[in-house]
Amino acid sequence: MNKEHILNRFISYVTVDTESDPNNPAFPSTEKQWNLAKQLEKELNEIGLSDVELDENCYIMATLPSNIDYKVPTIGFVAHIDTSPDFTGKDVKPQVHENYDGKDILLNKEQNIVLSPDYFDDLLQYKGQTIITTDGTTLLGADDKAGVTEIVSAMEYLIQHPEIKHGKIRICFTPDEEVGKGAHLFDVEKFGAEWAYTMDGSQIGELEYENFNAAGAIVTINGKIVHPGYAKGKMINSMLITNEFIAMLPENEVPEKTSGYEGFFHLHDMEGKVEQTTLQYIIRDHDLDLFEKRKELMQTIANQLNNKLGTDLIEVKIKDQYFNMKEKVVPVMHIVDIVEDVMKEMNIEPLIKPIRGGTDGSQLSYKGLPCPNIFAGGHNFHGRYEYVPLESIIKATEVIVGIAQKVAVNFS
Ligand SMILES: [Zn+2]
């Protein structure tokens, strides 16, 4: 793998602003995502991929044809081109720090912005490597342009090394993943892969096939406003009832007190007046039974309070958002085992852990394309401290090549 070439490719992607917009229902949510999409369309043709197609919704698909004379499953690799609206992605000025010495990295002298291993201790595992950072004023966009870089570089490598045998490979780059819509208009049938991988995880070794089951709840609590001087026996203060509602939920089952497989209720928005208070929750659990029980508990608490008050003042509306991809991946567990084997052969320790969130892969899995997630290499996503070691990008590229190769061997 040519380090310089891969670095330049990554920089050519992160310097194109592709921030998505959660408030725009259009697809893609920002016009500027087309800029990178068109750049990629051109590049994929240049490196020699087939069926390169940029569709009307800003999805780019392409094919690397099989170079073997027997049939093996078609597999796919997926990454997203947009960056998070949590932090600006305009005018990204990537800084390349070669042979990292394990000390503080000064991102921005004028503003005294420092990326320090005292706070971000993950940095220390990359001593001696080439660290790519921001200049402290933007995010980097390694999420997920590292993933895009790895997929393009792996396809290029396989084209240049025909001695490496592989079946048919499909790749896709999606818009709007960061606003939860990356899988929405993904044409799984046209993609035509038996399974795929998103290259969208964080540190080297990450391999994920479990994510939360997710729902959103809106709780509306009604009250009655009366002049406070004459309110005795008449006023109902919705905010005080809200207090009771919140207190009846398990106080330790919140994001700030849970980790691993522990689920939670997260109150993320609250608006109140005497007459009416609205609460917005997200409900999360990896376990489907516990997830259903969480939803029931909210309803039960509302019923209990309504009974106590003698009138239906509290209404709970719950909507499912996405489900744990585990249900779809476990029946085809060999698609995870292959990656684990490839990593071990490369001396990368597989870090298999449940995602405390969702991925495009979970939605794709429910659309019929089982889709675990593999590390793309970056850290501290969605902010100014985002960084990625070049060596991790190269390792992830090699993992893709290794998977292509192993599928051809395992199914021969
Ligand atoms: Zn991502």
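Helix H8 (residues 334-345) has 12 residues, which at 1.5 Å a residue should span 16 Å, and its end C-alpha atoms are 16 Å apart, in agreement. The expected span is 1.5 Å times one less than the number of residues. Helices (H or I, at least four residues) and strands (E, at least two) are DSSP runs numbered from the N terminus.

The model is predicted: local features need pLDDT of at least 70, side-chain atom pairs count only at pLDDT 80 or more, and totals for chains, interfaces and linings use all residues. Residue numbers start from 1 along each chain as its sequence is written.

Ile335, Val336, Ile338, Val339, Val342 and Met343 are the buried residues of H8. They lie on the same side of H8, because they cover an arc of only 155 degrees around the axis, the arc being that of the directions from the helix axis to the C-beta atoms. A residue is buried if 20 or more other C-beta atoms lie within 10 Å of its own, exposed if 12 or fewer, and partly exposed in between, with C-beta atoms placed from the backbone. On the face turned away from the buried side, H8 carries the exposed residues Asp337, Lys344 and Glu345. Just after H8, Asn347 adopts a positive phi of about 60 degrees.

The elements against which the buried residues of H8 pack are tabulated below. Contact requires C-beta atoms, placed from the backbone, within 7 Å.

| Element | Residues |
|---|---|
| Strand E9 | 195-201 |
| Strand E10 | 206-208 |
| Helix H7 | 326-329 |
| Strand E16 | 373-375 |
| Helix H10 | 390-410 |

**Nonpolar cores**

The largest nonpolar core has 82 residues, of which Ile151, Cys172, Ala196 and Ile400 touch the most other members. H10 gives the most to this core, with 10 residues. Apart from it lies another core, of 18 residues, including Phe212, Tyr281, Met298 and Phe323. Such a core is a set of buried Ala, Val, Leu, Ile, Met, Phe, Trp, Tyr and Cys residues joined through C-beta atoms within 7 Å. Not counting residues up to four places away in sequence, Ile400 touches Phe77, Glu150, Ile151 and Ala154.

**A three-stranded sheet**

An open sheet of three strands runs in the order E4-E7-E17, with antiparallel pairing. Strand E4 (95-97) and strand E17 (387-389) are its edges, each pairing on one side only. Pairing requires at least two bridges found by DSSP between two strands. E4 and strand E7 (residues 131-133) pair over three bridges, and Val96 has Ile132 in E7 as its bridge partner. H10 packs on the sheet, touching E7 and E17, and its direction makes about 65 degrees with that of E17. Axes are lines fitted to C-alpha atoms, for helices over the stretch in contact, and angles run from 0 to 180 degrees between N-to-C directions.

Technical notes:
Two residues are in contact if their C-beta atoms, placed from the backbone, lie within 7 Å.
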